[in-house]
Amino acid sequence: MKIQQKTESQRNFPFGFRLFYFSILLSLPLSWSIPRATFAEDLESHSAHEVLQQKASALEAENQKNGWAYILSGGLALGISIPAYYLSQDLFAKVVYSVGQTVSVGAVGYGSYLVLLDNDYRRFEKVIEQAPAQSTKPFSDQKDQLSYLFLKENAQRSRNIRKIRVITHSLTAALNFVNGATTSQRELQTALYFIGGVNALAALSFGFGSSEEEKISESIKKPELAILAGPLVGFCLHF
Amino acid sequence: MKRLRDLILFFAFIGPLSVFAVPTEFAFERVPSRFETLELTAGSRALGETCYSFGTMPDGTVCNSAFLPEVTQGSLMGRVFLGNGYAALTAANQMVYQPISKEFLQSLFEHQNVTSLEAHVGLVFTGPRFSAAFSPYRVQYLSEVHNPNFPVVAVHAAVERSFSFSSGFTLEELSGQLSDFSVGTRLRLLERTYVHGTFSLFQALTDNPRDLLPVQIQKGIFVDPTVAWAKKDLKWSPRVSLGVKNLGHLFPQTSLYPERPDFGFGFGLEPPLEVGQLKLGLDVVDLIHGPEGGGALSRFRVGSTYHLGIMDMMLGWNKSAVSAGVQFGIQVVQVGIVYEFLRSELNENTTENRIATEFSVRL
């Protein structure tokens with residue numbers, strides 16, 4: 001029977017294979033995208049306040065659905081994990097059920113947070129509705145103005161978050177590539193190149209994409225700024 | 001009381017039972033059917049290794065590349081899959097990578113009648129229309145002690161490294177009438193190092209250990225194209241997929257790992273539920289060659305999964321095993337456990353239980 005002694009070169013992928021798959025990995029169209037906007041459509045026909053209300057309602061419905069799913073599944077998972085932990089004899093099975101208990105409790109807490117607490121859009125809408133109207137201006141214009149400013153502020157915040165993610169993923173990718181180039185362990189090198197490539201794709205995707213908040217902000221109409229001068233029945237300037 | 005407790009644990013799918021060696025000189029001449037698996041993950045095992053009939057697997061990855069367009073958000077996941085019998089991990093690595101001594105071979109006769117191990121470490125990136133996976137370490141190990149009067153050990157140990165790249169897209173851009181159709185393909189690069197053989201205690205004492213278990217190395221490159229149809233507008237969201245596997249080249253070719261091209265198809269349904277999400281899948285694989293030693297029924301694989309919040313509960317059936325599993329996951333962390341009832345190939349009247357666990361971190 002022929003004996004085959006494995007040499008170092010036989011244990012490694014040929015260089016051509018590594019160059020091949022890394023070139024494909026880095027030349028692909030960007031596919032790691034920011035969550036697609038499902039709400040930023042046909043917004044030009046709605047006022048800023050109407051957009052705010054619709055967004056608040058959509059988020060509230062989604063949070064209610066997900067929140068109860070987390071609570072129910074967390075309770076069920078806890079009911080399975082606790083007895084299974086004490087019945088299991090395998091070490092890793094006990095670890096899985098122990099982590100499962102922790103995840104279950106966390107899920108119940110997070111689900112309660114989604115169900116019981118209002119989202120930011122709903123809270124701002126309530127503030128607008130409860131604020132006393134100024135007698136010198138139409139109340140609907142005030143609401144549109146404030147809603148527009150809130151949506152703009154959200155878009156700016158989302159843009160800043162996106163910038164931070166681009167920087168973070170870029171630095172992570174750079175570190176992984178440098179570590180991969182300086183290690184002598186073949187498996188570790190390939191793994192580091194892989195993670196670095198994925199982070200590079202993520203950085204490019206966040207850099208060239210835009211979030212749903214930004215798309216909403218770009219789509220809504222800017223409310224007209226009305227200035228009333230003189231007596232209550234005087235003239236009105238619109239800009 | 002002990003017998004009653006064992007029965008309770010048996011029906012609760014917990015607690016491995018040992019398989020008693022058959023007093024015969026029979027030794028396996030092919031890879032144990034339990035190791036004929038492409039995806040070594042908790043989700044795949046718990047679902048009876050169905051692949052063609054499911055879009056997104058419970059862990060968020062995609063097995064059938066034609067369903068990659070259904071992914072909406074990218075994610076990077078690192079995972080460790082570990083079957084029981086992990087104490088044999090050192091033995092498996094030494095069998096393949098290190099010099100082995102006569103004392104080491106003799107120690108195999110002192111182990112349990114059947115010792116098996118499966119483990120897998122991998123990184124997976126899944127995004128819309130694109131997926132890549134790197135597996136630096138995947139090990140399968142089995143040793144069986146036969147014929148107590150004249151002990152013979154049958155050993156199989158294989159360590160694999162692989163990289164796969166998948167892409168899929170819908171045909172909507174070609175024609176609006178083809179919007180329900182999608183195609184995908186997966187490119188796999190594989191390097192396998194293994195030993196496979198049998199020897200008696202007398203041979204272990206006298207012969208050169210590496211002559212008894214020579215190391216074999218295989219390298220391969222394969223393409224697995226698939227085409228799928230899915231109609232989410234219908235009430236039960238049916239999906240059908242047809243695929244080809246192992247189109248490519250493996251060198252050197254061996255009878256132990258033939259890796260022959262073959263066809264398979266899958267049919268899946270998603271019954272509408274008020275609470276949670278239920279998926280059912282039926283795969284028919286190896287349509288041309290068929291699993292070795294199996295009949296028509298051995299080509300079928302059935303799987304089902306129910307998703308609610310943080311939990312996925314799974315059931316699966318194939319010719320080798322009945323399996324059940326559960327996965328818990330929230331935000332970054334995900335864990336899973338699978339219980340399998342395997343049919344013994346040496347004695348079909350016996351079964352052995354196996355537990356596998358998986359730990360994943362998602363970014």
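Colleague: What share of the 363 residues in chain B is made up of buried residues?

Modeller: In this predicted model, buried residues account for 42% of the 363 residues in chain B. For chain A the figure is 28% of 239 residues.

Colleague: What makes B:Gly85 count as buried?

Modeller: A residue is buried if 20 or more other C-beta atoms lie within 10 Å of its own. B:Gly85 has 23 C-beta neighbours inside 10 Å, and therefore counts as buried. This glycine lies in the loop between E1 and helix H3 (89–97) of chain B.

Colleague: Which residues are in contact with B:Gly85, leaving aside its neighbours within four places in sequence?

Modeller: B:Gly85 is in contact with B:Thr115, B:Ser116 and B:Leu117. By contrast, B:Glu70 is 15 residues from B:Gly85 in sequence and 37 Å from it in space, C-alpha to C-alpha.

Colleague: Why is B:Asp286 called partly exposed?

Modeller: The buried class needs 20 or more other C-beta atoms within 10 Å, and the exposed class 12 or fewer. B:Asp286 has 17 within that distance, so it is partly exposed. The residue is found in the loop between strand E10 (277–284) and strand E11 (300–308) of chain B.

Colleague: Why does B:Gln331 count as exposed?

Modeller: With 11 C-beta neighbours inside 10 Å, B:Gln331 falls within the limit of 12 or fewer and therefore counts as exposed. B:Gln331 lies in the loop between E13 and E14 of chain B. Although it is not a glycine, B:Gln331 has a positive phi of about 55°.

Colleague: What kind of peptide bond joins B:Phe251 and B:Pro252?

Modeller: The bond is cis, with omega about -5°. B:Pro252 is found in the loop between strand E8 (247–251) and strand E9 (262–269) of chain B.

Colleague: How do you know that the span of helix H4 (residues 91–116) of chain A agrees with its 26 residues?

Modeller: The expected span is 1.5 Å times one less than the number of residues. For the 26 residues of H4 this gives 38 Å, and the end C-alpha atoms are 38 Å apart; the two values therefore agree.

Colleague: Against which elements do the buried residues of H4(A) pack?

Modeller: Within chain A they pack against helix H3 (48–87). In chain B they pack against strand E1 (75–83), strand E13 (321–330), strand E14 (333–343) and strand E15 (351–362). Among the buried residues of H4(A) are A:Phe92, A:Val96, A:Tyr97, A:Val103, A:Val108 and A:Leu114.

Colleague: Which residues touch the most other members of the largest nonpolar core?

Modeller: Of its 70 residues, these are B:Ala92, B:Met95, B:Tyr141, B:Val155, B:Ala157 and B:Ile310. H4(A) gives the most to this core, with 8 residues. Not counting residues up to four places away in sequence, B:Tyr141 touches B:Ala88, B:Ala91, B:Ala92, B:Ser116, B:Leu117 and B:Ala157. A second, separate core of 22 residues includes A:Phe194, A:Leu201, B:Ala133 and B:Phe134.

Colleague: Into which domains is chain A divided, and how many residues of domain 1 are in contact with domain 2?

Modeller: Chain A has domain 1 (44–119) and domain 2 (131–239). In the contact between them, 6 residues of domain 1 meet 11 residues of domain 2. The side of domain 1 that touches domain 2 has 3 nonpolar, 2 polar and 1 charged residues.

Colleague: How many helices and strands are there in chain A and in chain B?

Modeller: Chain A has 8 helices and 2 strands, in the sequence pattern α-α-α-α-α-α-α-α-β-β. Chain B comes to 6 helices and 15 strands.

Colleague: Where in chain A and chain B does pLDDT stay under 50?

Modeller: In chain A, pLDDT stays under 50 over residues 1–38, for which the model has 58 contacts beyond four places in sequence. Over residues 235–239 of chain A the pLDDT is also below 50. In chain B, the value stays under 50 over residues 6–27, with 48 contacts beyond four places in sequence.

Colleague: What are the mean pLDDT values of chain A and chain B?

Modeller: Chain A averages 77, with 71% of the residues scoring at least 70. Chain B has a mean of 83, and 88% of its residues reach 70 or more. The model scores ipTM 0.79 and pTM 0.78.

Note on methods: Residues numbered from 1 in each chain as written. Chains lettered and ligands numbered in written order. Predicted model: local features only at pLDDT ≥ 70, side-chain atom pairs only at ≥ 80, totals over all residues. Helix = DSSP H or I, 4+ residues; strand = E, 2+ residues; numbered from the N terminus. Contact = placed C-beta atoms within 7 Å. Domains from an automatic or database assignment. Nonpolar A, V, L, I, M, F, W, Y, C, P; charged D, E, K, R; others polar. Core = buried A, V, L, I, M, F, W, Y, C linked by C-beta atoms within 7 Å. pLDDT = per-residue confidence, 0-100.
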